[in-house]
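Subject: Handover of a structure

Hi,

I am passing a structure on to you. Please look it over first, then read my notes below.

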Amino acid sequence: MSRMNLKRLLNVILLLTITNVFSQENFLASFTIPANLNENANAVVRSNDINISLESLSEMYVTEKRIVTVLNKSGNDAVNAYVYYDNNVKIKELEAVVYNAAGAQIKKIKKNDFKDVSAVDGGTLYSDSRVKYLEYTPVGYPYTIKFTCKTINNNTAFIQSFRPLNSYFVSVEKSSYQINFPMEMTLRTKEKNFENFDLIKEEEDGFFKFKVENISAIKPEKYAPAFFEMMPKVMIASNEFTLEGVKTKVTNWEDFGKWMYHDLIKSTHDLPAGTVSMIQDLVKNEPNDIEKAKKIYQYVQDKVRYISVQVGIGGWKPFNVSEVDRLGYGDCKGLTNYTMALLNAVGVKSNYTVVFAGKSKRSLEKDFAAMQGNHVILNIPTEDDNIWLECTSQKLPFGFIGDFTDDRDVLVITPEGGKIQHTKKYSVDESTQIIKGKYSITSNGVLNAQVNVNSKGIQYDDKYWLETETQRDLDKHYKNRWRYINGLIMNSMHVENDKNKIEFIEDITFEASNYTKIAGDRMLLTVNTFNRNTHVPDRYRNRKWPLKVSRGFKDIDEVEIEIPANYKVESFPKNNSIENKFGHYKTEIIVKDDNHFVYKREFKVNDGEFPKEDYKDFRAFYKTVSRQDNAKIALIKK
Amino acid sequence: MKIITILFCILISANTFSQNYKFGKVSKEELSENVCPIDSSANAVYLYKYRNTYYEYDKVNGFKLITEIHERVKIYNQEGFNHATKQIRLYKMSAGNHEKISTIKAQTYNLEEEKIVIDKLNKSSIFETEANKYNDKIKFTMPNIKPGSVIEYKYKITSPFWSKVDEFVFQHSIPIKKLEASFEAPEYYSFKVNTKGFLTITPKIEYERGFITFINKTRNTGNGRTSASATTISKSELEYSKHISKYISENIPALKDEPYVNNINNYRASVKYELSYTKFPNSIAETYSTTWGDVVERIYESPSFGEELKKTSYFKKDIDALVGSVSDPATKLGLIYNFVKSQVKWNGYYGFYADDVREAYKEHVGSSGDINLMLTAMLRYAGLNANPVLVSTRTHGVPLFPTREGYNYVVTCVKLQDDSVALLDATEQYAAPNILPFRALNWQGRIVAENGGSQLVDLYPKTKSNNSITMMVKIDKEGTLEGSYRSIKTNHIALSFRAKYNDADKDEFLEKIENKGLEISDYDVKNSEDLSKPIIESYKFVKESQADIIGDKMYFSPLFHLKVSENPFKLEKREFPIDFGYPSVISHRVIINIPEGYKIENLPEPAAIGLPDNLGSFKFKVVGCGNTIQVSVVSQINQSIISPLYYEALKEYFNKFIQKEDEQIVLTKG
């Protein structure tokens, strides 16, 4: 470190010490919280100071000092008094001090009194990551915890972002972040979502500082953009960094991709010769690349299974292909890489692709090349499009990725470099559920029903897993799907997963006594038996966030109905035809003869983002559908 | 003289088992089988499950406990793949005092072109993790797993914790084709055998002789006449008898969970060996537990129990100040109980031993043991007849046998002058005398008297918890309901309401109710903190589309949105008891004002449905007069726990009751 920097660092430390002395007095007592920060808050972050010092490419000191006042039981987690560590992260200092509402110290917890456990979750076979966390039982609310943690990290590939707001129901009085780095290093930053927050910045050579103050707690809302889409953050990355002892320089996605391909992936492609010839033999009769890829995907699905193992290189380097070949298991990186190597062996080009997986369609930050993502899939470029393969699933059809990685920006890594591409989006018209059914009612109100349900797109994704359920579990599943029918008895349940067409087909028959409501000579028959919408979006007195429907769908039902011979129709419910920007809802009853009708229903919901003012109408739309799905035919004894 | 003692533990070969189950001898038939013959829905099966636990003598540490495991698992399909991953838990107390595992031998077998292909588990694929201070975890997953694979693994665990024999579990989520287990103990150890589950496996008992051979080696160095040195070996042997229990069974069905079972482990076939006494040669017998009397005595004698109960100095001053001037025992009880609840918070840890009552009192935090032993001590100090009650919580299962491990929790019992009994638990803020938190409602507890005697007490509440709902509503021509709601909740229903409501954000709580489709105003809760009174919840509301309007008629069910619409019991059959936790009475009184211009055309018939043996009842009555309709529906469950013999009846009862509540009131225009 140059002398200049050292001096600056000292200045900064001095400055910090002074502010901290000042702030502690202010922050330790609960009654000093400004009124606006108490609103909707379970906890208040009084001050959170993150101080990062990059001493070199392979030495990063991180100091966190956090004072949090917890207002009630639900706020306990907001203290975030834990720290992860592994071979590359050493904990130098760890302490928590607890204060009562008046700001008097009541307890001090030292490093060795933190609980120390493996950070392996249930689904992971092994991970070298561990966590130390504070276990504290509050004796009363509010209380305040001062948490101090200092670590040294040998990896500089991941520099934590400045994210002043971490969760719902927590407000922030003051949050600051500063990073010092040697002059010869170049750091890039990217700010997001600061439109509604006042970000105070200081930037100099070798020094960045960010600060925000006075952020009110936010409440979650349904059909809103995801938390990460709304919350302010500053991302930071160094052009040069070290990952598990390996130094590299990356300034854009192209470099990043090159580095990943040449340093992390290429050397793992050591497919044994025997496997190469076996796989070439396997696809020798396939007419084209797509058919070859299909065959290989099926081979992989039959051969390997997903097991999470997180070791070394920050969990970023895939296992050797030969290892996966021998063991028959691997994590997402290992399995994707293995599939890629097999495809490569038969001359089909495919690319390792980094993605943020999860329902909420999180995209990689396209203009900020840095370690991002939490999952890996495979990309096969074709002339006019891309095929995406989820290699950790043994069930998904070829080219189907479902809601886990659909419709988002991902990083496709090629030997020539990385590039950002967008994954498959399942449109409303692709995500259909078509019901063809019939049912009859006896004169004492017994329902006998038969239905065929065909699902595609995202609606396929919702159901394909049923294929391997036992009859006992299917029985449970259908009784739950049609829970609005009392006393349901399943007579037959047949499900079929057509992986070629990517369709899920269900053939079900069931019965229920007392399906209709009998009142004197009358019988009330709820027309919609198979597909009643019971969902109404939550009501908000004061909607804050825009309305977002992530994925749309379309349901088309056609049902033949037979009523008992000794009854006749007294009245039919009205037909519906509603069309608006959220979708449409149409129902119709067609009379065949005195005792036979056909009920037709179409319900479509579009995906999209709408201003918050639209939420009320969106909710009203769903309410109408719910109500009309409960419409009844009144029958009367002849 | 230098003596080297070498131990020989002579084990008479116990390998009388069929050849087929020798490690490595997997057959083609096993590999080619594609459906489990004893359960076609099984995703995997234990073809063979072997465990042998025995004692081995070692000069330095005495007897050690050895457990040998050998398991062979057939995997039928992808859903069974998780059975290819094995996790072994090893206990530890300190660096030198922990369980050790021997080399794990494991392999996968697959049938490829009629040939058996074997993949061995590599050492590098076995992961050891320190889960926490007391547990290490060994995890591995087998290589090359495909539908049809058979896996097999074998290992040995050596444990210095000779008094703690892990439970023998004979039933799992997948079936077992062939089970062999044996437990072998030297005569010096006497065990109590506790069997549990619906499936009993009777062991074959055998006795064998065992020897501890001490070899004394004496080395004589040359005496001058000759340069040779000689070693004299003398052998001494100690003979003892071994008690062996062998369990052999075949085709054990899988154990499947069912809803509303308080703890499935209560029904799992298993055997637990609990040490009752040790008697070594030339020493006095040391008893552990054989009868409940022994168990209670040992618990009482433990410094973490009896001693902690005797301490008074730390609270003396405070309790004197609190109840010094009070003479009425019931008042004293109330004051002390509330004092403990407000002073010491529960840290979430179970247990009936106190860690340190004094510390807990000072720090205002403690385990269930700390808090309720402290409470007992304070009540005794104030002159009340108070005793601790050992409890097994719902998640811990039912204590069927006299063991210390049978209990995991403690509450307090006070006997009042009129011989009535009050059960108290100060870990839960909203609990009250005889209203224990739900976790403690599990069969019976055991009162530990001051002299060490013990007595059972029923933990299931006898008094019913009530929820009495009154609704006055007006329905208009569009089917919109408007009116007021008031509910009075007592006992456990009040407890769970308080636990939900008191800590919740009030706006959010309201929103949750409103999201059921109501629009609410004037929301009010009375007595949320006053536990001596019932909860009174009231509000005004509007709810749309509560009637079907067809032609000139209106149809609606008399309880509107309050009706029960889903039968909780959906399974066709059930094997385990149905546990409601507490008896209850839910009553609804609804007064409905019908819209002007309409008259009542039809009302549902009154009905009364009963469960057999007075287990529960349902009464339903609707009366109309002019433009008002009065509805009264009362349903009650009279017992906390109901035998599965009544399952059919219970399911049918709910069906009928739901159907009845769904019957329609019909109004006609004009």
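One definition before we start. Helices are DSSP runs of H or I with at least four residues, strands are DSSP runs of E with at least two, and both are numbered from the N terminus. Keep in mind that this is a predicted model.

**A loop residue in chain A**

With that in hand, go to A:Thr268. A:Thr268 sits in the loop that links helix H4 (253-265) to helix H5 (273-282) of chain A. Is A:Thr268 buried or exposed? The cut-off for buried is 20 or more other C-beta atoms within 10 Å. A:Thr268 has 21 C-beta neighbours inside 10 Å, so it counts as buried. Leaving out residues up to four places away in sequence, A:Thr268 touches A:Pro318, A:Phe319, A:Asn320, A:Val321 and A:Asn337. A:Lys317 is 49 residues away from A:Thr268 along the chain, yet their C-alpha atoms are separated by 8.7 Å.

**Chain A as a whole**

Chain A has 638 residues, and 37% of them count as buried. Its secondary structure comes to 12 helices and 38 strands. The C-alpha atoms fill a box of roughly 100 × 70 × 40 Å, taken along the principal axes. Take the contacts in chain A with a separation of 6 or more: 73% of them join residues 24 or more positions apart.

Chain A divides into domain 1 (3-245), domain 2 (250-422) and domain 3 (432-637). Between domain 2 and domain 3 of chain A, the C-alpha centres are 40 Å apart. Six residues from domain 2 of chain A and seven residues from domain 3 of chain A take part in their contact. On the domain 2 side, two residues are nonpolar, one is polar and three are charged.

**Cores**

Which residues have the most contacts inside the largest nonpolar core? They are A:Ile296, A:Tyr338, A:Leu342, A:Ile377 and A:Leu389, and the core has 69 residues. Helix H8 (residues 332-345) of chain A gives the most to this core, with eight residues. Domain 1 (3-245) and domain 2 (250-422) of chain A each supply at least three residues.

Setting aside residues up to four places away in sequence, A:Tyr338 touches A:Val300, A:Val304, A:Val321, A:Val324, A:Asp325 and A:Gly330. There is a second, separate core of 56 residues, which includes B:Leu373, B:Leu424, B:Ile435 and B:Ile447.

**Chain B**

The domain assignment for chain B gives domain 1 (25-287), domain 2 (292-458) and domain 3 (465-669). The C-alpha centres of domain 1 and domain 3 of chain B are 54 Å apart. An unreviewed UniProt entry places the feature "domain: DUF3857" at residues 68-207 of chain B. That span is 0% helix and 61% strand, and its end C-alpha atoms lie 20 Å apart.

Helix H3 (residues 303-310) of chain B is worth a look. B:Phe305, B:Glu308 and B:Leu309 are its buried residues. The buried residues of H3(B) pack against helix H2 (292-301), helix H6 (357-363) and helix H7 (368-381) of chain B. The face turned away from the buried side carries the exposed residues B:Pro303 and B:Lys310.

**Where the chains meet**

The contact takes 42 residues from chain A and 43 residues from chain B. Helix H11 (residues 471-481) of chain A gives the most to the side of chain A that touches chain B, with four residues. By class, that side has 13 nonpolar, 13 polar and 16 charged residues.

**Backbone points to check**

- The peptide bond from A:Tyr141 to A:Pro142 is cis, with omega near -10°. A:Pro142 lies in the loop between strand S8 (130-133) and strand S9 (143-153) of chain A.
- A:Asp407 is not a glycine, but has a positive phi of about 50°. A:Asp407 lies in the loop between helix H9 (402-405) and strand S23 (409-414) of chain A. With 17 other C-beta atoms within 10 Å, A:Asp407 is partly exposed.
- B:Asn251 is not a glycine either, and has a positive phi of about 55°. B:Asn251 is in strand S15 (residues 230-252) of chain B. B:Asn251 counts as partly exposed, with 13 C-beta neighbours inside 10 Å.

Best wishes

Technical notes:
Residues numbered from 1 in each chain as written. Chains lettered and ligands numbered in written order. Predicted model: local features only at pLDDT ≥ 70, side-chain atom pairs only at ≥ 80, totals over all residues. Contact = placed C-beta atoms within 7 Å. Nonpolar A, V, L, I, M, F, W, Y, C, P; charged D, E, K, R; others polar. Domains from an automatic or database assignment. Buried ≥ 20, exposed ≤ 12 C-beta atoms within 10 Å, placed from the backbone. UniProt positions renumbered as here; feature names shortened; annotations may be inferred. Core = buried A, V, L, I, M, F, W, Y, C linked by C-beta atoms within 7 Å.
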